[in-house]
Amino acid sequence: TIQLQNGDTTNAITNLEKAIEKFPTFLRAWKNLGMANVRAGNFAEAIPAFTKSVELGGADGQLYGLLGFCYMNEERFLPAEGAYRNAIIFMPEHKDWKMGLIKSLLGQSKFTEAGRMVAEMLAKDPNDISLWTLQASIYTQQEDYSGAAVNYEILRKFGKIDFRQLMVLGDIYMSQDVKDLALEVYLEG
């Protein structure tokens, strides 16, 4: 544990594995092994350590959130969704877990549910530019180009729209045959 706290993940992993060999139900060792593997970028190795921690009764919001994070990094969207949902039960206001859940839903093409979550988050924090951008992307995936245009205009009003987003907004206006707005947007880019 001290090695993990000092950033020596290689030795921490080795020694935590030794501790688990001797004491297979040592909950804290399993949890710390998962944490050490996350810090080392070994997401596939962290998953069994975290799931064993859950089996041993060590479930909490942080553990489930990190488990979701590991599944996302392995592009295993369905178990990531489940882990993030459990994390949110324990920590309902934790933005990282909500964003993880949204990304896991998007990974499964569950655009409607992801869109509802983003809208809920925007209602609480309407100044979060990343949420407006994410919602615009979801609208585009759903082929709701009017909704996407509204979001891009909001980003434009905030002065936070980038070149690529301006071009998408211009293309949306062109496809809706609103050429004067399209020209204005293209010239701004």
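**Exercise 1. Which residues of α6 meet which residues of α7, and how do the two helices pack?**

Solution.
- Start with the contact, meaning heavy atoms within 4.5 Å. From α6 come F77, A80, E81, Y84, R85, A87 and I88. From α7 come D96, W97, K98, G100, L101, K103, S104, L105 and G107.
- Sort that contact by class: eight residues are nonpolar, three polar and five charged. Here Ala, Val, Leu, Ile, Met, Phe, Trp, Tyr, Cys and Pro count as nonpolar, Asp, Glu, Lys and Arg as charged, and the others, Gly among them, as polar.
- Now the geometry. Helix α6 (residues 77–90) packs on α7 at an angle of about 155°, with the axes 8 Å apart. Axes are lines fitted to C-alpha atoms, for helices over the stretch in contact, and angles run from 0 to 180 degrees between N-to-C directions.
- α6 and α7 are therefore roughly antiparallel (under 35 degrees is roughly parallel, over 145 roughly antiparallel, 65 to 115 roughly perpendicular, the rest oblique).
- The crossing of α6 and α7 is left-handed (the near helix is turned anticlockwise from the far one by less than a right angle; clockwise is right-handed).

The model is predicted: local features need pLDDT of at least 70, side-chain atom pairs need 80 or more, and totals for chains, interfaces and linings use all residues. Residues are numbered from 1 along each chain as its sequence is written, and side-chain values use heavy atoms, without hydrogens and water.

**Exercise 2. At what angle do α4 and α5 cross, and what classes of residue make their contact?**

Solution.
- Helix α4 (residues 43–55) and α5 have axes that come within 9 Å and cross at roughly 150°. So α4 is roughly antiparallel to α5.
- The crossing of α4 and α5 is left-handed.
- On the α4 side, find F43, A46, I47, F50, T51, S53 and V54. On the α5 side, find L63, Y64, L66, L67, F69, C70, Y71 and N73.
- The contact of α4 with α5 has twelve nonpolar, three polar and no charged residues.

**Exercise 3. Which residues line the largest pocket, and which element gives the most?**

Solution.
- The lining is F69, M72, N73, Y84, D96, W97, M99, G100 and K103. A pocket is an open set of points on a 1 Å grid over the protein atoms alone where a 1.4 Å probe fits, with protein on both sides within 12 Å along at least five of seven lines; lining residues have an atom within 4 Å of a point.
- α5 (61–73) and α7 (95–107) each give two or more residues. α7 gives the most, with five.
- By class, the lining has five nonpolar, two polar and two charged residues.

How values were computed:
Helix = DSSP H or I, 4+ residues; strand = E, 2+ residues; numbered from the N terminus.
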